[in-house]
Amino acid sequence: MTSTPSPSLFASRDFRLLLAGQTTSQLGAQIAGVALPLLAVVTLHATPFEVGMLGAASTIAFALLGLPAGAWIDRVRRRPVLVASDVVRALLLATIPLAALLGVLSMWQLLLVSLLTGVARVFFDVGYRSYLPAVIGRDKVLAGNSSLEFVRASGQVAGPALGGVLVSLIGAAAVLLVQAGTFAVSALCLMGIRAREEAPAPAAGSRRMRVEIAEGLAFVFRTRVLRATAVASALSNFSFAIASAVNMVFLSRTLDLSPALIGIVIAVGSVTVMVGAAFTTRLSRAVGSVRIVWLSLAVTAPLSLLGAFAQPGWWTLLIVLGIAAGEFGQIVYAITQVSVRQQVCPDRILGRVNATMQVVVMGLFPVGALIGGILGDVIGARWTLIVAGALLLACPVVLWAALRGVREVSDLPEAVAAPA
């Protein structure tokens, strides 16, 4: 059996719309993932610290707004929130090429747009993970997450290469208009979904938002599998944030790659995202739906460190290998741990639990991005990547310590109390 979409899922019009919208927006996000830092580094001559600030600005909203966003999302239907988030991000990104055309683009505008799109992303990410079970059902979340990630990964493969080429042809600022368009397409696809969400039960008058937030926090930190994945994911994201501050500097200045080659290097390495997403369901069944959560990182994290030792010329292949191993492990880990979460968490607090996880996971990203920028200035891009890779090695150890001996979700005590 393969992990491609099952007939019951892929035959669903709503699920196809969800796939189409996420594939399109993922393609745009990957294109912009190359274009935005290149715009800062090449056009605005940003330092590693300024690139780190850009990464921090795009993620700090998770730490500031994530918990109240989760409580609020549990009070409303989630699809309108997702549509509004896409529309806001499209409009914000469109201001960058406009400013470039008028000759007034600055690093301050990039920081402001990154900050505000980060706010919209908080509501989208929390709402999206809570909305998926309403579209396909809880019993299909592993297959649904695998299918979505497989199709979205096609954008992750094509996006960086296309982004690098487009930056060379039309400039980085103009490329961001492409991403604005993809968010608009995603909004239209979401608007076409017909699945009805259950109206959330109104909160008791005496209950304040802080009580609802506390309920989500308590569920995460008293649930062993969620507590372990929260810590490991936070550490992994902290490592990624440190590396993100110097990645483009390392590829562009240390390895002397052109924008087009940078896109190709990232895309070739990211092919394994599609492979990982395609085989996650099969791996989960063979190894165990909980065991695969830590095993995926234990196998791939050491290999991902190889990229830091790449040199100009043929040794550039080391960074391709490092990216490939890291992306494979991360996509398998991401799909399986989110699917476990969606199965053990009651629907009435799923938004708050997702928000808690996002705050824990993303809260350290701004700090990591700033630290990465500082380290890039002090010890150089290569040693900063080595530090980030060393931190990543601790993630599977944290997971194994908490989940060893557990094979399936049904073996978890908390799964008994979860809805079917």
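Apart from neighbours within four places in sequence, Gln337 is in contact (heavy atoms within 4.5 Å) with Thr229, Ser233, Val293 and Met357. This structure is a predicted model, in which local features need pLDDT of at least 70 and side-chain atom pairs count only at pLDDT 80 or more, while totals for chains, interfaces and linings use all residues. Residues are numbered from 1 along each chain as its sequence is written, and side-chain values use heavy atoms, with hydrogens and water left out.

Two buried residues are set out below; buried means under 20% relative accessible area, with a 1.4 Å probe and protein chains only. Helices are DSSP runs of H or I with at least four residues, numbered from the N terminus.

| Residue | Helix | Relative accessible area |
|---|---|---|
| Gln337 | helix 12 (residues 317-344) | 9% |
| Ser236 | helix 9 (residues 224-254) | 8% |

With neighbours within four places in sequence again left aside, Ser236 is in contact with Gln330, Leu392 and Cys395.

A nonpolar core is a set of buried Ala, Val, Leu, Ile, Met, Phe, Trp, Tyr and Cys residues joined through side-chain atoms within 4.5 Å. The largest such core has 51 residues, and Leu39, Ile96 and Leu110 have the most contacts inside it. Helix 9 supplies the largest share of this core, eight residues. Beyond its neighbours within four places in sequence, Leu110 is in contact with Leu36, Leu39, Ala40, Leu44, Leu54, Ile96 and Leu105. A second, separate core of 27 residues includes Val220, Val293, Ala301 and Leu412. Val293, included in this second core, is also one of the residues in contact with Gln337.

Technical notes. Helix = DSSP H or I, 4+ residues; strand = E, 2+ residues; numbered from the N terminus. Buried < 20%, exposed > 50% of the residue type's maximum accessible area, 1.4 Å probe, protein only.
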